[in-house]
Amino acid sequence: MTGKANNKEKIFDVSIDLFSEYGYDGVSIRQIAKEVGIKESSIYNHYKSKESIMDFILDYYIDRMMSNDIPVSQASENLDVSFDYFYRSGLDAFASQLKDEKMSKITRIILIESYHNEKMKNFMKDSIISQAIDGWIVLFDLMKSKGLIDNECDSRQLAESFYKFGLFLLYEHYIINYPEDDGKFIEELSRKSENHIKLIFNSVKI
């Protein structure tokens with residue numbers, strides 16, 4: 001049983017490595033099996049298809065990201081401490097995920113596949129963009145309720161202005177500048193994102 005479990009994990013890890021390097025369509029089941037060191041047919045003892053492997057990868061990504069989500073109640077308490085503390089808590093949680101090599105590679109897979117893979121495109125639009133922006137709208141509305149920012153400002157515009165800037169930084173790193181040092185990028189992401197959210201906050205704070 002242990003051997004089978006190990007093989008399933010190896011298939012999972014090798015698939016992430018290969019998909020992030022060559023793209024989903026550029027990798028075959030045969031190639032995955034060769035890298036794992038098992039017969040091609042043995043893949044199907046663990047996964048129904050290559051698409052099934054990708055589904056497991058996305059599920060893993062979602063679970064990990066959700067595990068680090070800060071509840072609105074906690075975000076509210078963090079805002080009561082200070083805006084800097086509130087933002088730093090969220091940024092540190094996100095950065096800690098990207099520091100994980102596996103999560104970093106999955107992020108690249110999502111970005112490179114979203115332009116031609118319909119399932120990945122929908123995942124990008126719904127989970128990565130829409131849900132995240134909706135979350136930030138809730139947070140900007142929370143700031144309004146606490147009297148921290150102008151009640152007349154557009155929460156959606158603020159959310160999109162902030163979040164899409166960060167999304168571009170990810171695209172720039174994982175697509176345009178790939179490969180480059182992940183550690184250095186995460187430091188730059190933290191610095192640039194912090195400066196950007198402060199710029200937005202200062203433009204509407206009371």
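## The chain as a whole

Of the 206 residues in this chain, 43% count as buried, meaning under 20% relative accessible area with a 1.4 Å probe and protein chains only, while exposed means over 50% and partly exposed lies in between. This is a predicted model, where local features need pLDDT of at least 70, side-chain atom pairs count only at pLDDT 80 or more, and totals for chains, interfaces and linings use all residues. Residues are numbered from 1 along each chain as its sequence is written, and side-chain values use heavy atoms, with hydrogens and water left out.

You will find nine helices and zero strands here; helices are DSSP runs of H or I with at least four residues, strands are E runs of at least two, and numbering starts from the N terminus. The C-alpha atoms fill a box of roughly 65 × 35 × 30 Å along the principal axes.

## Contacts across the sequence

Among contacts with a separation of 6 or more, 68% come from residues 24 or more positions apart. A contact here means heavy atoms within 4.5 Å.

## A look at helix H2

Helix H2 covers residues 29–36, and its buried residues are Ile29, Ile32, Ala33 and Val36. Viewed down the axis of H2, these buried residues fall within an arc of 95 degrees, so they line one face of the helix; the arc is taken from the directions from the helix axis to the C-beta atoms. An α-helix has 3.6 residues a turn, so residues three or four places apart point the same way.

Turned away from that buried side, the other face of H2 carries the exposed residues Arg30 and Lys34. Just after H2 comes Gly37, with a positive phi of about 90 degrees.
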